[in-house]
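Hi,

Here is the structure I said I would pass on. Have a look at it, and then read my notes below.

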Amino acid sequence: MTWNRKDILDIESLTVDEIKSVLDTADGLKEISQRSIKKVPTLRGKTVILFFHEPSTRTRLSFDIAAKRLSADSISISASTSSLVKGETLIDTARNLESMNPDVVVMRHSSAGTPYLLSQKISTPIINAGDGMHAHPTQALLDMMTVREHKKELHGLRIAIVGDIAHSRVARSNIVGFRKMGAKVRLAGPPTMIPKGIESLGADVTYDFEEAIDGVDVIMVLRIQKERQRNYLFPSEREYAIRYGLNMARIKKAKPDALIMHPGPLNRGVEITPDVADHINSVILNQVTNGVALRMALLYLLAGGVRNAADH
Amino acid sequence: MRLIIKGGHVLDPGNIDVVTDIKIDDGIITDLKKFESDLPDNDTQVTRIIDAGGCFVVPGLIDMHVHLRDPGQEYKESIETGIHAAAAGGFTAVCCMPNTNPVNDNRQVTEYIIKTAGQFHSVKVYPVASISRGLKGLELSEYGELKEAGAVAVSDDGLPVSDSQLMRRSLEYAKGVGLKVISHCEDPNLSAGAMNEGLMATRMGLAGIPNASESIMVMRDIALCELTGTPVHIAHVSTKESVHAIRDAKSRGVPVTAETAPHYFTLTDEAVRKYNTNAKMNPPLRSIVDRDEIRKGLADGTIDVIATDHAPHSVLEKEVEFDRAANGIIGLETSLSLGLKLVEEGVITFETLICKMSKNPSKIIGLSRDISVGAPADLTIINPTMSHTYDVEKGFSKSKNSPFNGWEFKGMAVYAIVNGRVVFESK
């Protein structure tokens with residue numbers, strides 16, 4: 001298919017064909033990272049701005065490496081180094097960035113919806129690298145890529161997502177993505193962490209961890225953010241680990257070959273025990289590896305890589 | 001100065017309902033009868049004749065809940081532009097909330113507002129002073145002096161009075177002074193969010209504000225109203241639970257009154273889709289169930305008043321990240337049209353609409369608003385069929401933060417008359 005979409009703002013707006021196209025492209029690009037010289041000239045002369053308004057190590061590094069392996073020039077700016085600290089509005093900052101003619105802006109922001117705001121104001125393609133509690137489309141795509149790699153087919157799979165659903169953009173994007181691809185999604189967590197109306201995205205909800213992972217093909221564990229304790233969401237990490245932590249006894253409930261996933265960073269001993277994190281079925285590090293390929297695919301598709309490829 | 005309004009359907013609910021002419025001399029209604037000829041030709045005193053054929057002539061509309069932003073935030077609105085926006089919406093009077101800078105908690109600010117508004121000989125402006133000094137919720141403002149200066153009510157609007165003891169004392173003390181207390185009902189510990197709690201908030205990844213954050217305080221204020229025997233007026237009701245609580249209180253004879261805003265009976269949280277900051281306000285737009293209960297409350301008399309909560313904000317506050325955007329929308333120039341839409345949809349009668357937008361709010365703040373000989377000529381002339389498209393860029397308000405831009409309406413105010421002076425006429 002030809003790629004016509006300007007921005008990657010969320011999973012909801014992507015069609016099934018577009019998702020497949022991204023995953024196929026990523027599969028093809030993965031091999032580049034295994035070469036001894038990990039660089040192709042595909043995006044030579046293109047500029048990618050990594051505009052990160054919220055702290056991030058993994059995602060930013062992943063985009064940075066992805067851009068460089070395609071020979072694009074990538075530049076990072078963060079809230080603390082941009083003019084935002086001098087009182088410039090977000091839109092002004094974005095317009096200034098646009099005036100320097102970048103080919104893609106990758107954006108991370110703590111406020112939900114911010115990539116939408118920017119996409120209305122600037123014509124540069126935007127990739128949402130996480131906006132508040134709303135969406136994290138590249139994480140969902142790399143998760144789908146990782147599952148597809150191991151299970152061949154997403155359709156008909158049963159996925160459990162456990163933990164703090166309410167505050168998780170990863171959960172939201174994955175629910176939408178896996179449902180779109182024909183998988184079944186079950187959610188579990190304490191009721192304080194299950195947001196109102198989440199079932200309407202097509203997921204089943206339970207407060208019982210064991211029930212949620214019973215017979216599933218994939219267990220996706222979400223990170224518990226310690227600062228949430230202040231909002232009375234759970235009494236203590238100790239009790240959370242006991243009731244909702246993924247441990248060796250619990251994974252027996254799932255299929256024997258069930259994949260264990262986590263978007264990182266891990267709180268070992270809280271939402272996941274160390275032995276489960278390092279389990280043979282754990283694909284947590286494969287997720288990170290695939291993240292680079294997936295982001296290469298998106299940069300390639302959005303920065304005019306398709307057109308370049310046709311020129312060859 | 002003599003003004004004649006000819007051939008209008010004069011409707012003053014509970015008082016007059018007839019097609020007749022009105023004679024106004026020096027701002028006072030002096031005659032209410034059909035004149036024999038088309039024009040009293042021989043009457044040399046007539047300075048103006050308005051043909052109101054096909055229109056309703058009603059007691060001047062009053063919006064008892066607006067933010068004029070003056071003093072302090074004149075880049076959003078000034079008393080002058082706010083007055084013109086009000087007049088264009090058919091209003092002849094407004095009550096302005098005290099969250100200005102400085103706060104209207106003293107004689108100087110109250111007098112400044114009244115004096116400034118008076119210069120324009122237009123829409124009447126009745127200041128609402130603050131319940132607590134500086135809106136801080138710690139001590140009472142000086143109600144006696146504020147009343148003397150011209151305040152008609154007190155409210156900490158924009159902020160709740162969290163301390164129940166302070167709220168109790170405010171009600172008690174205000175009773176002695178003769179000021180109405182208007183309550184902004186919100187439990188801030190429950191309301192830390194950016195939009196209504198529910199499906200839309202979950203999908204959009206925004207922290208939600210549950211209905212209970214409002215109704216919990218509505219119930220508290222009803223309890224304090226019963227305790228003190230002092231009337232309380234509940235501002236901007238948005239939830240079905242609040243409507244239930246007020247309906248129940250009224251049935252027990254508790255002297256509580258309530259208002260809602262046009263957006264709460266028109267829109268739902270669906271309007272926030274695509275992170276539209278012009279649909280962000282506090283309380284937030286709620287679900288369809290709430291919207292329908294608000295309509296029911298308007299129809300059965302639970303909700304007495306339609307007030308806009310006109311809240312001008314510039315692009316500086318609105319063209320930003322959704323959770324950082326300011327709360328509120330402008331409403332003066334769309335309120336009547338949205339009310340007429342309710343009439344069109346059969347939710348309330350036209351007569352009821354006039355009660356909610358004129359008779360009831362006047363009564364609540366202690367003003368009279370009658371069309372009778374000897375009364376001041378504060379009148380609104382409404383053409384109920386004239387269709388128009390609302391273009392916010394052509395509006396009179398300095399700010400443009402309306403979710404109704406581009407809406408098509410049937411019915412609008414064609415004249416606003418204050419003390420016998422035409423302060424607005426539609427071109």
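One term before we start: a salt bridge here is a side-chain nitrogen of Lys or Arg within 4 Å of a carboxyl oxygen of Asp or Glu. Also keep in mind that this is a predicted model.

Let's begin where the two chains meet. On the side of chain B that touches chain A you'll find seven nonpolar, three polar and seven charged residues. The contact draws 24 residues from chain A and 17 residues from chain B. About 1600 Å² is buried between the chains, and carbon and sulfur atoms give 54% of that. There are also 10 residue pairs in polar contact between chain B and chain A, counting those with both residues at pLDDT 80 or more.

Over all chains, the salt bridge count comes to 46. A few of those in chain B are worth a click.

Start with B:Glu293 and B:Arg247, whose closest N and O atoms are 2.9 Å apart. B:Glu293 sits in helix H9 (residues 288-300) of chain B and B:Arg247 in helix H7 (residues 240-251) of chain B, so this pair ties together parts that are 46 residues apart in sequence. Is B:Glu293 buried or exposed? B:Glu293 counts as buried, at 9% relative accessibility, while B:Arg247 is partly exposed, with a relative accessible area of 25%.

Next, B:Arg133 and B:Glu139 form a salt bridge at 3.7 Å, N to O. B:Arg133 is partly exposed at 35% relative accessible area, and B:Glu139 is partly exposed at 45%.

Then there is the salt bridge between B:Glu270 and B:Arg273, at 2.6 Å from N to O. B:Glu270 has a relative accessible area of 40% and is partly exposed; B:Arg273 is partly exposed too, at 46%. Elsewhere, B:Arg107, B:Glu111, B:Glu145 and B:Glu148 are joined into one network by salt bridges that share partners.

Finally, some strands in chain A. Strand E5 (residues 158-162) of chain A is mostly covered, with four of its five residues buried. E5(A) runs parallel to strand E6 (residues 184-188) of chain A, and five bridges join the two. If you want one pair to look for, A:Val162 has A:Ala188 in E6(A) as its bridge partner.

Cheers

Note on methods: Residues numbered from 1 in each chain as written. Chains lettered and ligands numbered in written order. Predicted model: local features only at pLDDT ≥ 70, side-chain atom pairs only at ≥ 80, totals over all residues. Heavy atoms only, no water. Contact = heavy atoms within 4.5 Å. Buried area = accessible area lost by both parts, 1.4 Å probe. Polar contact = N/O pair within 3.5 Å; in protein donor to acceptor, adjacent residues only side chain to side chain. Nonpolar A, V, L, I, M, F, W, Y, C, P; charged D, E, K, R; others polar. Buried < 20%, exposed > 50% of the residue type's maximum accessible area, 1.4 Å probe, protein only. Pairing = 2+ DSSP bridges.
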